[in-house]
Amino acid sequence: IWNHEFQPIKQKFLFWIYIGSFLACLIFSVYQQVCFNKMQDNGSYMHNFMGKLSGLRQRPGSSKAEEELRKFVEEACGEDVVGVSVAWKYEDSQTEVREILEAQLANLEKDRKKGVYLQEQDVTQLCHEEVEEIMSRMCGMHKWMSGVERGIIEGYVGEAYQEKWLNENHVVDFLSGLHSSQHAFVVFNTEEARERAVRKCQAQGGWVEPGGDEKQRVQLISTRMQPDTILWPNFYDNEKVVRFQRICKSTFYIFIMQVMWGLCFYFPYVYYVAAFAYANGSKPDAGTALMFTMIVVVGNQVNYYVCGATGEYIGFHFADRTNAWYCVAYCIATTINIAVDMSLTYVLSVKMMHGLNIRVEDGRLLDELTYNREIIDSFPIQRTLGDQLFRYIFPATYAIPYAIEPIATVYVPYLIFKALTRTCPSIVGRKAENAMAIL
């Protein structure tokens, strides 16, 4: 029952429910972080033995940077160092680095198997001859479809490197042209040794590298990040300035994406739906509801992609930070999305209801209301906004994506690449691994 006496109470109740649930989520996240930190502090994990060096001078790829830094840290802190991993600047050369690694893996696979590998090559050649014989007996359409299938799988998992990377001289020349960043990671024998080294570095205000500038001091800090979460390509010059610029650009891209989505996709839908006289009991049919659901589902998928892409574009040092950005960016994007949707729904609904001479609960025409608060509190507008918000939440957000995504993004690709890998004789060894790497 719509009663103006209880309307303020209802609004306050909903307001505090939203605020309370939001604060409860924040408190729970803080509680989880505290529990996680306690668990890490009470156990022995790989990050407990690792320290992060910052402020290092640039070194060429031809130098023995890791060995030089290992000796430097041992002399500076007086602790034994297991090894040092330098963060090299290769953000613009990631393709070449991946190709070199693929070439090395291919060589290792050949060396490890040897006789088995040669036997596989003979089987592959025999299968090729059988496939060619079978294709020669196929009809035109069947033969064309089989060729397309082979082209897809071989194009996707073909040789992932250039032949020149099999030549050690080319690899050495390329790596010699790289330069180190100002960061490196040091591994100590014990956690206590790491802590003593960190405290000594802090007490001395940092260390000065041999031949380095007195003003540029090297800092050693402990980190809670696991080694396998380090994103090695994301180390470059002027990191703080560049990262800040990229964060600003990414935020702008997300905002523009939400506005464009609202204007190009949601606006036409709302314009069509607003023609229904909600106040008289009319509602869109099932087809219209399905269309809205698909619009929201597609919008959520676009949000996933854009927020994930911006996280990679910013270039955080650790995957944990990238994932944290993704969560925050997606939350902000969804909030903007809902705000744009509800604003468009409100504006168009008011205009449509003015044209239809819709009356409010006390008998006045909607266009006779002068204050926005009165218009928003009126039953026709409340019903329109409430109905749209409910359709946005369920099933478009909380049901369909969770039902479709595992099938569309995991199970179906698994079946497709499994079938293509099984039926294509040239996909063996490393190629077969790459074919199933999508999972």
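Begin with strand E1, residues 50–54, which is joined to E4 by 4 bridges, the two running antiparallel. Helices and strands here are DSSP runs numbered from the N terminus, helices being H or I of at least four residues and strands E of at least two. Two strands count as paired if DSSP finds at least two bridges between them.

Before going further, some ground rules. This is a predicted model, where local features need pLDDT of at least 70 and side-chain atom pairs count only at pLDDT 80 or more, while totals for chains, interfaces and linings use all residues. Residues are numbered from 1 along each chain as its sequence is written, and side-chain values use heavy atoms, with hydrogens and water left out.

Opposite Gly51 stands Ser222 of E4, and opposite Ser54 stands Gln219 of E4. Ser54 also faces His183, in E3. E1 and E3 are antiparallel too, with 5 bridges between them.

How buried is E1? Of its 5 residues, 5 are buried, meaning under 20% relative accessible area, with exposed being over 50% and partly exposed in between, for a 1.4 Å probe and protein chains only. In a regular strand, side chains alternate between the two sheet faces. In E1, Met50, Lys52 and Ser54 point one way, Gly51 and Leu53 the other.

Now the sheet as a whole. It is open, with 4 antiparallel strands in the order E2-E3-E1-E4. E2 (81–89) and E4 (219–222) are the edge strands with a single partner each, so one side of each has no neighbour in the sheet. From one strand to the next, the twist averages 25 degrees.

Two helices lie across this sheet. Helix H2, residues 65–77, lies across E1, E2 and E3 (179–188), at about 130 degrees to E2. Helix H7, residues 191–203, lies across E1, E3 and E4, at about 140 degrees to E4. For these angles, axes are lines fitted to C-alpha atoms, for helices over the stretch in contact, and the angle runs from 0 to 180 degrees between N-to-C directions. Contact means heavy atoms within 4.5 Å.

Which residues of H2 are buried? They are Ala65, Leu69, Arg70, Phe72, Val73, Ala76 and Cys77. Viewed down the H2 axis they fall within an arc of 165 degrees, so they line one face of the helix; the arc is taken over directions from the helix axis to the C-beta atoms. Their cover includes E1, E2, E3 and H7. Just past the end of H2, Gly78 has a positive phi of about 75 degrees.

Elsewhere, helix H10 covers residues 319–355, and its 37 residues should span 54 Å at 1.5 Å a residue; the end C-alpha atoms are 53 Å apart, which agrees. The expected span is 1.5 Å times one less than the number of residues. Just after H10, Asn357 takes a positive phi of about 55 degrees.

Last, the totals. The chain has 14 helices and 4 strands, and 36% of its 439 residues are buried. Of the contacts between residues at least 6 apart in sequence, 75% join residues at least 24 apart.
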